[in-house]
Structure formats: structure tokens, C-alpha cells
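Please keep the sequence and the model at hand while reading.

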Amino acid sequence: MEFSHVSVMLKECIEGLAVRPDGNYLDGTAGGAGHSLEIAKRLTTGRLIALDQDPDAVETAAERLSEYPQAQVVQANFRSLDSVLQALSVNGLDGVLLDLGVSSHQLDEASRGFSYQSDAPLDMRMSQSGFSARDLVNTWPADEIARILREYGEENFARSIALRIQRQREVKEIETTFELAEIVKAAMPAAARREKNPCKRTFQALRIAVNQELDSLSEGLEQAFASLHSGGRLVILTFHSLEDRMVKRRFQEWCRGCTCPPDFPVCVCGKEPRARLVNRKPLTAAPGELEVNRRSRSAKLRILEKL
């Protein structure tokens, strides 16, 4: 098995972590170990914990990090960060990295069922276990399918697509990516079908729902921030607006001090900022990277330091 993935904004992520040779770090989305490898190279007496829920990624990361005894790979979702640290007797971290992009391997491996450009069983499970996209489209009420298409995919034709899915599954279960792609396109007006990727928003929304990505991110952010020592860095790489909005708001919350009404003459809440923004605006990929890696185009990098 070859787990291929080009790490987006690798240099910026590693610089953002400000890795210390004796520090404890966690890569919550190890993937092909691109970021993890660069962290491990910088450690001497420090420690790296690399997490991923995808067993293919875990196998690859373990192989690529095998020459670094300071690195340990664990199969887990980063929303389980607390329990992983407890099991490994790690009392705190100096940096956490979350690269929220779907790996090239997951998208390009047709059998994983993430892509509308290859015909395969409708799956989309990053963990390769549990509830799948096939289960969702064949069992969820049309109203609920329409909701996730609107909220997670910002799909203008969500209602029409959901009703078309409902009608089709009454005739025959929807089993493959191409079957779903044809249903999506058939539910759209002709002008929308002529878009370059008319199915992109629907497939994104289903992937987010199947893998509970936004719930995982919300829980993972809280646990990651709580795990940091003073001066520790939280480095988050997002690839769509829903993720970035959540990260931005959570960072603002941690950086906000006094919450008293503006007309109060003195502060009575006593709240102080718990963190500072390392970069006030999100960083984006450099022109050279944009030219060679199209998946870097939507990337936004936000960095926070705990006070």
C-alpha cells in the first residue's frame, strides 16, 4: 500500500509550532506523516504522538517514523486526545497540529468511495468502520439529507437533490459513487449541471456528516487547547469555510479578555485573555506551492499561543 499525500504549507506549519528539541508534540492528523516527520527530526529528548483514525495512514506513518524512537503512532480520532494522553501518561503538550484536509490517498483511492470522479462503493469512512455514506443516503429522512447538504455543502439545490435521492432509493438502494453523482446532476437545472464539479458540494457534505467532522473538530479544539502548557502552540490548517469559521471563533474566544458591557466604567468580570494570536490573519499558501499543489488553494493556517 502506498499512502500518497503532499503536506500543505509544511514549512509554515512547522515554523508555527516553534518545535523545541525537548518538547512534547501531537500531530492529530498524521496522514502520510509529512508534518510528523518534520517534527520528529527536530526532537532529541522530546516526544511526538501522531494520531490518525485511518488504519492505512497509521500503517504508513508508523513505517515512515520507525527510525525515530521519540515518535509514537496511535490509531485514534483527535477528538479522543484526552484519553490518548492519559493512556500514554503524557501530562501536557508544547504544541498540537491539526491538518483538516482530506488526504490525497483517501480522495484518489477509488475504493474508498470519497470521489465522484471514480465509480466505487459509496463509503467515505475515514476510519474504514461504522456508519457509511451508503447508510446515510439510504436511511436518513429527506429533510435531514437536505439540511446537511445546505449546512455542510452550501448546496443551493439541497431540497431537490434530497427528494431525488428519496425517490431513487424507493426503487433501488443507492450503492455507488456514480449512482449518487447521476442522481445529484439529475436534480439540478441544466445550467448548474454544466459546472465543472456539480457534485462537489454534495459529496463534501456527506463526507462531513459520515465522519462527524465538525463535532470532532469542536471537541478536539477544546481538548487540544486544554492540553497545552503555557507558551504551547495550537496550529490548525483548514480547507473549507465551515471549519475555518469554527477555528476563528474559538481562537477569538480564547484571546478575549474582559466581557463586561462597553459602558461599564471598570471591569467587574475579571476575565483575562488565555491566549494570543501568532498571526492575526490566516496564512495562505505561497505562489510556488499554489502552482504545484492545487489542494493548497483553499488552505488557511491559524496559529495560537497559550498564555
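**Sheet, helices and buried residues**

In this predicted model, 7 strands form an open sheet with mixed pairing, and their order is 3-2-1-4-5-7-6. Strand 3 (71-75) and strand 6 (275-277) are the edge strands, each with a single partner strand, so one side of each has no neighbour in the sheet. From one strand to the next, the twist averages 15°.

**Strand pairing**

- Strand 4 and strand 5 run parallel and are joined by 6 bridges; within this pair, leucine 97 stands opposite valine 235 of strand 5.
- Strand 5 is also joined to strand 7 by 6 bridges, but here the two strands run antiparallel, and valine 235 stands opposite isoleucine 303 of strand 7.
- Strand 5 is largely enclosed by the rest of the structure, because 8 of its 11 residues are buried.
- Strand 6 and strand 7 (residues 300-306) run antiparallel and are joined by 3 bridges, with leucine 304 of strand 7 as the bridge partner of leucine 277.

**Helices packed on the sheet**

- Helix 1 (residues 10-17) packs on the sheet and touches strand 1 (24-27), strand 4 (93-99), strand 5 (228-238) and strand 7, its direction making about 165° with that of strand 5.
- Helix 12 (residues 213-227) lies across strand 4, strand 5, strand 6 and strand 7, and runs at about 150° to strand 5.

- Helix 8 (residues 158-171) has 14 residues and spans 21 Å from its first C-alpha to its last, which is close to the 20 Å expected at 1.5 Å a residue.
- The buried residues in helix 8 include Ala158, Ile161, Ala162, Ile165 and Arg169, and these cover an arc of only 100° around the axis, which puts them on the same side of the helix.
- The exposed residues Glu170 and Val171 are carried by the face of helix 8 that is turned away from its buried side.
- Among the elements that cover the buried residues of helix 8 are helix 6 (133-139), helix 7 (142-153), helix 9 (177-186) and helix 11 (200-210).
- In helix 9, Thr177, Leu180, Ala181, Ile183 and Val184 are buried; seen down the axis, the buried residues of helix 9 fall within an arc of 160°, so they line one face of the helix.
- The cover over the buried residues of helix 9 includes helix 8 and helix 11.

**Nonpolar cores**

- The largest nonpolar core has 65 residues, of which Ile49 and Leu234 touch the most other members.
- Isoleucine 49 touches Tyr25, Leu26, Asp27, Gln72, Val74, Val84, Leu85, Leu88 and Val90, when residues up to four places away in sequence are not counted.

- Aspartate 94 is placed in strand 4 and is buried, with a relative accessible area of 10%.
- Leaving aside residues up to four places away in sequence, aspartate 94 touches Arg20, Gly23, Asn24, Tyr25, Leu228, His229, Gly232 and Arg233.
- The C-alpha atom of aspartate 94 is separated by 32 Å from that of valine 292, which is 198 residues apart from it along the chain.
- Serine 296 lies in the loop between helix 14 (287-292) and strand 7, where it is buried, with a relative accessible area of 0%.
- The contacts of serine 296, not counting residues up to four places away in sequence, are with Val8, Ala285, Glu289 and Leu290.

- Most residues other than glycine have a negative phi.
- Alanine 33, although not a glycine, has a positive phi of about 70°; this residue lies in the loop between strand 1 and helix 2 (34-41) and counts as buried at 2% relative accessibility.
- Methionine 124, also not a glycine, has a positive phi of about 75°; methionine 124 sits in the loop between helix 5 (104-108) and helix 6 and is buried, with a relative accessible area of 0%.

Definitions and conventions:
Residues numbered from 1 in each chain as written. Predicted model: local features only at pLDDT ≥ 70, side-chain atom pairs only at ≥ 80, totals over all residues. Heavy atoms only, no water. Pairing = 2+ DSSP bridges. Helix = DSSP H or I, 4+ residues; strand = E, 2+ residues; numbered from the N terminus. Axes fitted to C-alpha atoms, helices over the stretch in contact; angles between N-to-C directions. Contact = heavy atoms within 4.5 Å. Expected span 1.5 Å × (residues − 1). Buried < 20%, exposed > 50% of the residue type's maximum accessible area, 1.4 Å probe, protein only. Arc of directions from axis to C-beta. Core = buried A, V, L, I, M, F, W, Y, C linked by side-chain atoms within 4.5 Å.
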